[in-house]
Amino acid sequence: MALPHLIKFVYTHGTDEVIRRGKKIHSIGFAELAEYDDLFGSAIFRVKDDTYSTFYKVNIQRIKDPKNLSVRCACPYNLGDICRHEVAALFQLQDMIDKGRLKADDAKYDQRHTEVKMKLIELKTLRMLSSQEVFEAAENYLRGNKAKIEFAENETVKATLQLDGVSYTVLIRKNDERNFDTSCEYLDEEHPLCLPKIIVFLQLLNAHGSNYFDSIRNWDKDKNKLLELYGYSLKDDLTGKFEFLYKEGKPFLRLLDPSIKRVAPVIPLPKPAYMMQAVVEEVEEKTEDIKITKRYGVVFNFNKKTYPFFTVDIVLGEVTDDADAFAGKVEKLDISRYVETDNVHDQDKNVLTLVRKLQEAEINKYISRNSPFAGIWENIIQSEDDDLPADTKELMTEYLFPKLKKLFEETTNNPFTYILPKGKPFKTGNLEKLVLSEHEATPQFFIKKNSHFTITCRIATGIMQYELKDNESPCPILFLFNHQLHLWKSYDVVEQIDKFHPSGSITVPADEWAKSLSEYIIPLAREYKVEFDKSIVREVKDGEPEMKLFLLEKGEFLVFQPVFTYKGYETRAKDRDEVVVSQGETVLIVRRNRAAEIAFIDKLRNLHSNFVFNEDNQSLILKGTDVLRNNWFFLFVDAMKD
């Protein structure tokens, strides 16, 4: 499973350098929570810069809604989607939620991957991340049984144990943040640590102490760095020359032979000023004569045999005088190595950076970091004939989609985009022109009734409509038709499209229709346009909402939350204009009366000049002092009765 959505947001929108500096700010403790509102899912952090003694305010909105999470910082950074202060605030917020310091009543834990925020095996933290019943059950288990430790090295422990006749495998390892990644198939959605994990942690703590994972860490890399100071490595014979001492679990180097001296670093001598000036003048003269005659091209290669069934490559070639096409053969570049970009078009430099992020090595890094097999993903041998697990596909989609969206934005009007059709070798003659469409693809669903029910998916792009079965792309992440490539509005659409891919339709037996209607179709209709067979639709009405107003006390504020109900269905602010209500095997379609809803809210807003309107959930907020001033609340109650 993926990381919690706050951390997903960080890795999806940030660069390696921004994430690194944000982690540094978080680890030092320069991110402090100033305000937190659980009702509206918002938080304000006070973050100190890691370079200057400057504090910035970071606002985080809609924390519990992964689709609409927003982060805003007061700093002037504008080179990317997210700054280091926002990264630090998100890491701090996720850390506080994981440790139970903030309310998270609706949190559900998937034991296949949970992260435990502790550096050592701490009894207090183990109690906090499980229940009292689970902790006592683990202690009782260890009085007469033991978990079998199958693997314990390089900060990773794999153990198996029997519970109620069922065998469970527990995997625990230290991650890059020096916290614990844990995995087990045991079902417990209420706590970060389930019973088998607590048993293994307690067994290791009782037998080896809290520093056990540091004691099985491979310190070779650190030892080599210490030896490099003297020009040695672990491959050399160190007898009588060096020895390693351990203090608090970390290695320290002790020099035994005093004749061995440190290797002095070679510092290149600076060139005289007159030579540097000459070099600068020569470069400037050459720059004036340089004319860009080569361009990079982007190739969507659909010859990959495993998911996502395509790769993105870069080619280099001479361009025509009009600079709108390649003049001859092109060369495929190996962008895993250094590529010279001094005499390259500025747009091509951005494209090269984006395509590098879409390479298989980068995808594997993301999966290795976020999957239950963190750290060993690249060592798993995957056959080309085997389909990837659904969780792995989901992680790939999460990683690829925002990168592809940026690539589309950069290359929408770029003439150097191509497609290599499936089954053709990578040759210049096989590359075909490709247009990256600026119109996002949106799915629409049509339901037809015969002896069974058929749900058909169609795609709308701009003013055009296509059948999903017309998709020439083998990957559900992209929609390809007639040399035009479209991207979905959001990566959540891919999950729905994958259910219909590649035929474009789903058949539901008549005896299963009522269940499918309530569990799948009705939730689908809240997000997308769904057209029903006339025989299924009971009636269509222009709805008149039942209006309610809930009052919620939140700190020093009173929240006025309007609720509009149509035929027993409560609507949200961002729901579709048509409300679909299930009635057995038929549906009732009610058109929301937006005018009546807005009129009711406007009447409320006019009752007090200090009302603050929240557009996200259409609520009104008023300070408690304003509520009680001049008996306003009693006048408000009389107005609501009228």
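The following dialogue explains how to read several features of a predicted model.

Colleague: How many helices and strands does the protein have?

Modeller: Helices (H or I, at least four residues) and strands (E, at least two) are DSSP runs, numbered from the N terminus. The protein has 17 helices and 32 strands.

Colleague: What share of the residues counts as buried?

Modeller: A residue is buried under 20% relative accessible area, exposed over 50%, and partly exposed in between (1.4 Å probe, protein chains only). By this rule, 43% of the 642 residues of the protein are buried.

Colleague: Which residues touch the most other members of the largest nonpolar core?

Modeller: In soluble globular proteins, nonpolar side chains tend to be buried together. A nonpolar core is a set of buried Ala, Val, Leu, Ile, Met, Phe, Trp, Tyr and Cys residues joined through side-chain atoms within 4.5 Å. The largest one here holds 98 residues, and Ile60, Phe300 and Phe532 touch the most other members. There is also a second, separate core of 33 residues, with Ile121, Val170, Leu204 and Leu205 among them.

Colleague: What is the strand order in the open sheet of 4 strands?

Modeller: Two strands pair if DSSP finds at least two bridges between them. In this open sheet the order is S1-S2-S3-S4, and the pairing is antiparallel. Strands S1 (31–37) and S4 (70–73) are at the edges with a single partner strand each, so one side of each has no neighbour in the sheet. For angles, axes are lines fitted to C-alpha atoms, for helices over the stretch in contact, and values run from 0 to 180 degrees between N-to-C directions. With direction ignored, neighbouring strands of this sheet are turned by 20° against each other on average.

Colleague: Which residues show how S2 is paired with S1?

Modeller: S1 and S2 (residues 42–48) pair in the antiparallel sense over 6 bridges. Asp37 has Ser42 of S2 as its bridge partner, and Ala31 stands opposite Val47 in S2. S2 is also joined to strand S3 (residues 55–61) by 6 bridges, and these two run antiparallel. Ile44 has its bridge partner, Asn59, in S3, and a hairpin of 6 residues connects S2 to S3. Of the 7 residues of S2, 5 are buried, so this strand is largely enclosed by the rest of the structure.

Colleague: What is the pairing in the open sheet of 3 strands?

Modeller: That sheet has the order S17-S22-S21, with mixed pairing. Strand S17 (435–436) and strand S22 (residues 484–487) run parallel and are joined by 2 bridges. Leu436 has Leu485 in S22 as its bridge partner. Helix H12 (residues 390–411) lies across S17, S21 and S22, running at about 130° to S22.

Colleague: How many aromatic pairs are found, and how is one of them arranged?

Modeller: Rings of Phe, Tyr and Trp (its six-membered ring) pair if their centres lie within 6.5 Å; planes under 30 degrees apart count as stacked, over 60 as edge-to-face and the rest as tilted. The whole structure contains 25 such pairs. For Phe560 and Phe611, the ring centres are 5.1 Å apart and the planes stand at 90°, so this pair is edge-to-face. Phe560 lies in strand S27 (residues 557–566) and Phe611 in the loop between helix H15 (594–605) and strand S31 (612–614), 51 residues apart. Phe560 is buried at 1% relative accessible area, and Phe611 is buried at 14%. Phe633 and Phe636 form a tilted pair, with 5.9 Å from centre to centre and 35° between the planes. Both lie in helix H17 (residues 632–641), 3 residues apart, about one turn of the helix. Phe633 is partly exposed at 27%, whereas Phe636 is buried at 5%. Ring pairs link Phe560, Phe611, Trp632, Phe633 and Phe636 into a cluster.

Technical notes
Residues are numbered from 1 along each chain as its sequence is written. This is a predicted model: local features need pLDDT of at least 70, side-chain atom pairs count only at pLDDT 80 or more; totals for chains, interfaces and linings use all residues. Side-chain values use heavy atoms; hydrogens and water are left out. Contact means heavy atoms within 4.5 Å.
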